[in-house]
Amino acid sequence: EALQWGVLTPYYYYPILVELSDDEYEVYLELTEKIGKMFAMGESVDDEDGPLHSLLIKRARIIASAENKIVELEKLARSWEEPSHLLVYCGDGSVDVDVDEMSIRHIDQVTQLLGSEIGMKVSQYTAETSLEEREYLKHQIANGELQGIIAIRCLDEGVDIPSVETAVILASSTNPRQFVQRRGRVLRVAPGKKSASIYDMIVIPPSDGDVLEADRKLVRKELVRSDSLFTIFIPLPPPPSEAKE
């Protein structure tokens, strides 16, 4: 209704399918098996100090920080002619890199890709970012001094940056409130802003194996977010061919 009233900006939604690597998939299945056994033993999901909660977090971080998301992000970023007013949501975990099996934070890997390798002017927006610096970053992204902001969760709620036109969701929980809030970050109306774009990384199992029940559950969880974004999509003039019609 807000879109129809002109209170929010119409948008294009681009789901991008991302396959887990074989190693990630193997760990995902192992964790899923352990989680199933914990459920059968009566372990509570609400016990944040319990073993089940820990396993669920580990499995969620595999999805959030899947290595092929970086591959797809690089393809996407290099396809943009003049990227600006960009917001990227990362996972809160770490990822392995090929330098002596070192691990770095997902947000640092994304910052290195977009900033150092592609040459975009980007900055991180995290819990460690001071209030003064946050206001400065919002000012920079609005006036074009900064091309993109890379965040984990700090921009989910209570932050208004109307000038942001493009969001890349590398990671999101299955909580409907979270992805509604994240969508809202790019749908604010701003002068000269006719539409917004949302690129959503949808994780799927490797395509070269048998389909297991764990695969179906994974895809269902990911599509909950995709369906929510799509159901209120307002058609615009014909978008590029890869957009979801």
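Biologist: How many bridges join S7 to strand S8?

Modeller: This is a predicted model, where local features need pLDDT of at least 70, side-chain atom pairs count only at pLDDT 80 or more, and totals for chains, interfaces and linings use all residues. Residues are numbered from 1 along each chain as its sequence is written, and side-chain values use heavy atoms, with hydrogens and water left out. Strands here are DSSP runs of E with at least two residues, helices are runs of H or I with at least four, and both are numbered from the N terminus. S7 runs parallel to S8 (residues 196–204), and the bridges joining them number four.

Biologist: And which residue in S8 is the bridge partner of Val-168?

Modeller: Two strands pair if DSSP finds at least two bridges between them. For Val-168, look along S8 and you'll find its partner, Tyr-199.

Biologist: What is the order of the strands in the open sheet?

Modeller: There are six strands, and the pairing is parallel. The edges, each pairing on one side only, are S1 (11–19) and S5 (122–125). Reading across, the order is S1-S8-S7-S2-S6-S5.

Biologist: Which residue in S6 does Leu-87 stand opposite?

Modeller: Leu-87 belongs to S2 (residues 86–89), where it points the other way from Leu-86 and Val-88. S2 is joined to S6 (residues 148–151) by four bridges and runs parallel to it. In S7, Leu-87 stands opposite Ala-167, while in S6 it faces Ile-149.

Biologist: Which strands does helix H5 touch?

Modeller: Contact means heavy atoms within 4.5 Å. H5 (residues 131–143) packs on the sheet, and its direction makes about 145° with that of S5. The strands touched are S2, S5 and S6.

Biologist: At what angle do H1 and H2 pack?

Modeller: Axes are lines fitted to C-alpha atoms, for helices over the stretch in contact, and angles run from 0 to 180 degrees between N-to-C directions. H1 (residues 22–40) and H2 (residues 51–64) have axes 10 Å apart. Their packing angle is about 155°.

Biologist: So is H1 roughly parallel or roughly antiparallel to H2?

Modeller: Under 35 degrees counts as roughly parallel, over 145 as roughly antiparallel, 65 to 115 as roughly perpendicular and the rest as oblique. With about 155° between them, H1 is therefore roughly antiparallel to H2.

Conventions. Buried < 20%, exposed > 50% of the residue type's maximum accessible area, 1.4 Å probe, protein only.
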